[in-house]
Amino acid sequence: MVDVHCHLFPGIDDGPQTLAAAIGLARRAVAAGIVTSIVTPHILPRRYDNTLAGIRAAAAAFRGELDALNIPLAIGYAAEVRIGPEIIQLAEENTLPLLGVIEGYGIVLLEFPDSHVLPGSDKLAAWLLERRIRPMIAHPERNKEIMRDIEAIAPFVEMGCWLQLTAGSVAGVFGPRCRERSRQLLERGWVRVLASDAHDMPARMPELEPGRAAAEEIVGETESWRLVRERPAAIAATNAAFAAIA
């Protein structure tokens, strides 16, 4: 399986704060059947001021640690980018970290605030799409406005944004409301991939299989595997980390 949203780099955001904890998460990912992780540190101005260059350096250092320990987890890098006007400058400077490139569109993992969908978010998403950057919206099922009204996310799907659910949401880890909203999004065929959004152990572990198994009951076995294997693997195959190695 391939995880396109997780926080594994030590000390760079609200993921693991030590190298030992980060290594523990990587070992857990391998044990859980994950072969590739695209690590996505937060870019959240004035809180996590990560940059493409800094994330790239963190990826190289972490990959070296895994290699030295013979941990067979391929590491890519991108970012979980909080929606806001700063994205415009990153896009114009070509420094917006991308998960990969699919069908001529760069894929950016876009995060909404937990509480609501900011006014104007649809206009920013449309601006990105016009520039061949496709937002993949992270964990919409955990956004309180979308939890209240599923139609709040509909305009984004209709314009061409992708949705990424947290695997734990589908499995019920985040409670019944998130699980129910996840089910409804899956039933509508709006979900592109599942990802772990791993941060720490034991609360936020890098696991996909429980979510995949729960999704199988909703969308069937074939589609459930597409959510954690085929589609995320296609994205990862074009991630900058692996393109650089090739």
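This is a short tour of one predicted model, stop by stop. Residues are numbered from 1 along each chain as its sequence is written, and side-chain values use heavy atoms, with hydrogens and water left out. Because the model is predicted, local features need pLDDT of at least 70 and side-chain atom pairs count only at pLDDT 80 or more, while totals for chains, interfaces and linings use all residues.

**Stop 1: the largest pocket**

Select Asp14, His42, Glu111, Asp114 and Arg142. Of the 17 residues lining the largest pocket, these lie nearest its centre. The pocket's volume is about 260 Å³. Its lining holds 9 charged, 4 polar and 4 nonpolar residues. (On a 1 Å grid over the protein atoms alone, a pocket is an open set of points with protein on both sides within 12 Å along at least five of seven lines; a cavity is a set where a 1.4 Å probe fits but cannot get out; lining residues have an atom within 4 Å of a point.)

**Stop 2: the largest cavity**

Now select Phe112, Pro113, Asp114, Ile137, Ala138, His139, Pro140, Arg142, Asn143 and Ile146. They line the largest cavity. About 40 Å³ of space lies inside that cavity. The lining has 6 nonpolar, 2 polar and 2 charged residues. The count of cavities of 30 Å³ or more is 1.

**Stop 3: an aromatic pair**

The structure holds 2 aromatic pairs (ring centres within 6.5 Å). Select Phe9 and Phe62 for one of them. Their rings sit 5.7 Å centre to centre, with 70° between the planes. That makes the pair edge-to-face (planes over 60 degrees apart). Phe9 is in the loop between strand 1 (2–6) and helix 1 (19–31), and Phe62 is in helix 2 (residues 52–68), so the pair ties together parts 53 residues apart in sequence. (Helices are DSSP runs of H or I, at least four residues; strands are runs of E, at least two.)

**Stop 4: two backbone details**

Most residues other than glycine have a negative phi, and most peptide bonds are trans. Go to Arg46, where phi is near 75°, a positive value. Arg46 is in the loop between strand 3 (42–43) and helix 2. Next, find the peptide bond from Met201 to Pro202: this bond is cis, with omega near 0°. Pro202 is in the loop between strand 10 (191–195) and helix 9.

**Stop 5: helix 9 against helix 10**

Finish with residues 209–219, helix 9, and residues 221–236, helix 10. They pack at about 145°, with axes 7 Å apart. (Axes are lines fitted to C-alpha atoms over the stretch in contact, and angles run from 0 to 180 degrees between N-to-C directions.)

Note on methods: Grid points are joined across faces, edges and corners, and a volume is the space filled by probe spheres set on the points. Ala, Val, Leu, Ile, Met, Phe, Trp, Tyr, Cys and Pro count as nonpolar, Asp, Glu, Lys and Arg as charged, and the others, Gly among them, as polar. Rings of Phe, Tyr and Trp (its six-membered ring) pair if their centres lie within 6.5 Å; planes under 30 degrees apart count as stacked, over 60 as edge-to-face and the rest as tilted.
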